[in-house]
Amino acid sequence: MLQQDYTRTEVITVDAVRPEVESIEYAARLLRAGEVVVFPTETVYGLGADAFQPAALERIFIAKERPHSDPLIVHIADEESLELLAIAIPEQARRLASAFWPGPLTLILPRGPRVPYLVTAGLETVAVRMPRHPVALALIRALGSPIAAPSANRFMHVSPTTAQHVLADLAGRVPLILDSGPCEVGVESTVLDLCAQKPVILRPGGISLEALRAVVPDVQPPRQRKIIEDALLKENEQATQRAHQSPGQMLTHYAPAVPLLLYDGSVESMRAAILAELRQRQARGERVGVLVADEDLEAFKQSGATVYSLGNAAAPAQIASALFNGLRALEDAHVQVILCRNFADRGLGLAIRDRLLKAAGGRVIEVNA
Ligand code: TXA
Ligand code: MG
């Protein structure tokens, strides 16, 4: 297998609103030469390669240690490029594209004949999205070709929302990172399957179910895959098997390096349960991290835990944008366990709950009295 050791990973600061032309051209030259480049999108940082160069695509899998069974999203900068990638494009796709592109919506469409099977993991469907980050758009245009890009983290780790997160996972494994500061949305794009009988969300993300239904009323919500405690092992086995037909849907996909216990219920019940668990663990000498919202801070002030607030619980956009940074910050604080509250499922809440559930290995502790 190809070796990919870069003595240095270059980090170039790029203006998030008006990207410097020289920096974009430099990155595009690397991509043209068959290299990979990390770039910001409005959701998370992506690890990109020219979608039509199989040898370059291969480098993505090597850098991330990602299995080839997990297909990639192809990023475009204009709707006409859809024709390069997909065939038999349904009318719904056009409506969704004009409503949400550029933006955090990925459409699963019938694969066009030119799309390498490395991109689609051998499937006859392809995932396409038009990001709205000016740096991503400028890079795609400068390359003159669609860019295939997964999130720029090591496989199984939390997606990166800053260049520092990328460095922590991929330093020495990629030649270049374009750094435009923190990503705005903070969770990945919504993946919507338009090849199923009814359009169905495979991964909730930056565009909400409610927003999609305003354009295409019969969009189906993602399948609930919550695990009851003692069924955990069995379900995880099944999830691994399912991953082959429904790639990327493994429950442990976003697992942080530290075990996370996820609580769900009323705000008061979650708080009480977390405090009780915290005290037990502290009595055993454990270092505990707590992932909560601003409204919980008072309750944990004197707790002795490492506390990270994701922001205002009533503002899901705020919680989403802080989520992956919060998980990584607690990992970096070397806590032995993370105790985390849940959030309402309206709007971006569905994506927040999905990522937390995955970080918890699919297990949720119901605490409603
Ligand atoms: O926001 C995002 O979507 C970010 C940024 C970089 O654009 N990208 C991202 O890529 O999250 P990745 O590879 O981490 O996640 C892509 C998801 C996976 O769950 C994958 O299984 C799914 O999209 N996917 C890709 N192609 C698919 C296909 N043909 N059918 C079903 N799912 C597909
Ligand atoms: Mg990913």
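A: A hairpin joins β2 to β3 through six residues. Strands here are DSSP runs of E with at least two residues, helices are runs of H or I with at least four residues, and both are numbered from the N terminus.

Q: In which sense do β2 and β3 pair, and over how many bridges?
A: Strand β2 (residues 37-39) and β3 pair in the antiparallel sense, over three bridges. Two strands pair if DSSP finds at least two bridges between them. Val37 has Gly48 of β3 as its bridge partner.

Q: Which other strand pairs with β3?
A: Strand β7 (residues 147-148) pairs with β3, in the antiparallel sense and over two bridges. There, Asp50 has Ile147 of β7 as its bridge partner.

Q: Is β3 mostly covered or exposed?
A: Strand β3 (residues 46-50) is mostly covered, with five of its five residues buried. Buried means under 20% relative accessible area, exposed means over 50%, and partly exposed lies in between, with a 1.4 Å probe and protein chains only.

Q: Before we go on, what sort of model is this, and what are the ground rules?
A: This is a predicted model: local features need pLDDT of at least 70, side-chain atom pairs count only at pLDDT 80 or more, and totals for chains, interfaces and linings use all residues. Side-chain values use heavy atoms, with hydrogens and water left out; residues are numbered from 1 along each chain as its sequence is written, while chains are lettered from A and ligands numbered from 1 in the order in which they are written.

Q: What does the chain average in pLDDT?
A: The average is a pLDDT of 92, and 90% of the residues score at least 70. pLDDT is the predictor's confidence in each residue, from 0 to 100.

Q: Where does pLDDT stay under 50?
A: It stays under 50 over residues 228-235, for which the model has seven contacts beyond four places in sequence. The pLDDT is also below 50 over residues 239-248, a stretch with 15 contacts in the model beyond near neighbours in sequence. A contact means heavy atoms within 4.5 Å.

Q: Turning to helices, which residues of α7 are buried?
A: In helix α7 (residues 163-170), the buried residues are Ala163, His165, Val166, Asp169 and Leu170. They lie on the same side of α7, because they cover an arc of only 155 degrees around the axis. That arc is taken from the directions from the helix axis to the C-beta atoms.

Q: And what does the face turned away from the buried side carry?
A: That face of α7 carries the exposed residues Gln164 and Ala168.

Q: What covers the buried residues of α7?
A: The cover includes β2, β3, α2 (54-64), β8 (176-179) and α12. After α7 comes Gly172, with a positive phi near 80 degrees.

Q: How many residues of α13 are buried?
A: Nine of the eleven residues of helix α13 (residues 349-359) are buried, so the helix is mostly covered. Among them are Ile352, Leu356 and Leu357. What covers the buried residues of α13 includes β10 (200-203), β11 (260-264) and β14 (337-340).

Q: Last topic: which charges lie over rings?
A: Arg111 lies over the face of Tyr117, at 3.9 Å from the ring centre. Arg114 lies over the face of Phe52, at 4.2 Å from the ring centre. A charge sits over a ring if NZ of Lys or CZ of Arg is within 6 Å of the ring centre and within 35 degrees of the ring normal.
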